[in-house]
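Please read them alongside the coordinates.

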Amino acid sequence: MANVIVIGAQWGDEGKGKITDLLSRSADVVVRYQGGVNAGHTIVVKGQTFKLHLIPSGILYPNTDCIIGCGTVIDPQILIAELDQLKKLNISTDHLLISETAHVTMPYHRLIDQASEERRGSHKIGTTGRGIGPTYADKSERIGIRVLDLMDPDGLREQLEWTINYKNVILEKLYNLPPLDPEEVIEQYLGYAERLRPHVVDTSLKISDAIVRRRNILFEGAQGTLLDLDHGTYPYVTSSNPVAGGACVGTGVGPTMIDRVIGVSKAYTTRVGEGPFPTELHGELGELLCDRGAEFGTTTGRKRRCGWFDAVIGRYAVRINGMDCMALTKLDVLDELESIQVCVAYDIDGDRSEYFPTSSRKFARCRPIYKSLPGWQVSTTECRTLEELPQQALDYLKFLAELMEVPIAIVSLGASRDQTIIVEDPIHGPKRALLHPDGTPATLLSA
Ligand code: IMP
């Protein structure tokens, strides 16, 4: 039995989908714990490609329970569209469970997200425009609508009549937008409620029951560490906690129940939306990474900003998440390069620093200090063991592992499941914290 958290170690889009899919095979339960339809992963079923935003990819395994936990925010319209898509492909969704205490994204959240971004002008965050921030803001303001409210028609009507009138003042007076018709929204959401009702339960009880029965639980993080509301590049972050700690709060599971934390990182870095990005490449090299890595967002289709691997944020992610090991994805994207840079430290106003600064203004002034490594200039997409990798690629991996003080347990070399090197068992290998009681640097690749 192992309860494992998989998190993004950068700014999201690290390829968590492929790693969670690999690990889902041995999981009995897969749980989403934060975020909403701002996330997205592409799955291919029976030759057909489609995108899921809320439903965990574990849904493809009929014996795996899929749970959308209380720390997520749910857009019922999109969730129902995903259920419909899966039904069309004859994929059962009976094993999908939705937390009754997750918050619900309403039409006014989407409108306010988009209008406030426009109003921010040059200070915009570059959100996905899906209403995520305003839904979490209402949760904190204690005027949110929860899934259990949807399940109570009289209570919902009373609550929404008040809330929509309140939000209409904001829409009309602050953003110059037409008001919403409360009756129309209430009817629409009562309809959604009936579709979702069979899936709605107290998910924390279900997870607790699974723990007692010693089933394997995979907690699937969305976005990434640097987008965390508390630990990321605030204010250029999302409004939830993608870090490993968020898995406990976002599901109702105590920290003592977690066995492993696996971080996922690309072999380079990408970011969507606004905010500082020290290793960003603006010229031809950035374009090359973008083209070779097909770096376009699943949710908004936006082109991702691309840059070199940043080991300062890598080390930070290892610490903030208590990471046991790392999965490094898209190594093959670097195959053509003659030389590869890795950011080992920052120059901040003339001083060298190996630490990620807490202030975004300071982060914007960080200049990367690079170490240059030779490229390998041969294809790695067919490699299935470390021994098959060119020496320069192996050296690159060892260098990153050493810098971040974390073992690299999985290396991914392409989108398909078999384009993967399992260096060591990410779930049953030794825990990182136990490897070095004397505080010496952690293991490298266990090659
Ligand atoms: P929001 O989550 O829509 O509020 O967007 C806040 C920031 O997080 C923006 O920079 C988005 O581009 C970024 N973001 C949100 N979800 C994802 C994701 O799944 N991958 C990468 N970036 C994301």
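1. Helix 2 (residues 76-88) and helix 7 have axes that come within 10 Å and cross at roughly 40 degrees. Axes are lines fitted to C-alpha atoms, for helices over the stretch in contact, with angles from 0 to 180 degrees between N-to-C directions. Helices (H or I, at least four residues) and strands (E, at least two) are DSSP runs, numbered from the N terminus. Helix 2 and helix 7 are therefore oblique to each other; angles under 35 degrees count as roughly parallel, over 145 as roughly antiparallel, 65 to 115 as roughly perpendicular and the rest as oblique.

2. The crossing of helix 2 with helix 7 is left-handed. A crossing is left-handed if the near helix is turned anticlockwise from the far one by less than a right angle, and right-handed if clockwise. On helix 2 the contact uses P76, Q77, L79, I80, L83 and D84, and on helix 7 it uses Y189, Y192, R195 and L196; contact means heavy atoms within 4.5 Å. These residues comprise seven nonpolar, one polar and two charged. Ala, Val, Leu, Ile, Met, Phe, Trp, Tyr, Cys and Pro count as nonpolar, Asp, Glu, Lys and Arg as charged, and the others, Gly among them, as polar.

3. This is a predicted model, in which local features need pLDDT of at least 70 and side-chain atom pairs pLDDT 80 or more, while totals for chains, interfaces and linings use all residues. Residues are numbered from 1 along each chain as its sequence is written, and side-chain values use heavy atoms, leaving out hydrogens and water.

4. Helix 6 (residues 153-174) and helix 7 (residues 182-196) also have axes that come within 10 Å, crossing at roughly 140 degrees. That makes helix 6 oblique to helix 7. Their crossing is right-handed. Helix 6 contributes P153, L156, R157, L160, E161, I164 and N165 to the contact, and helix 7 contributes P182, E183, V185, I186, E187, Y189 and L190. Nine of the residues in the contact of helix 6 with helix 7 are nonpolar, one is polar and four are charged.

5. The peptide bond from Y234 to P235 is cis, with omega near 5 degrees. P235 lies in the loop between strand 10 (217-220) and helix 9 (245-249).
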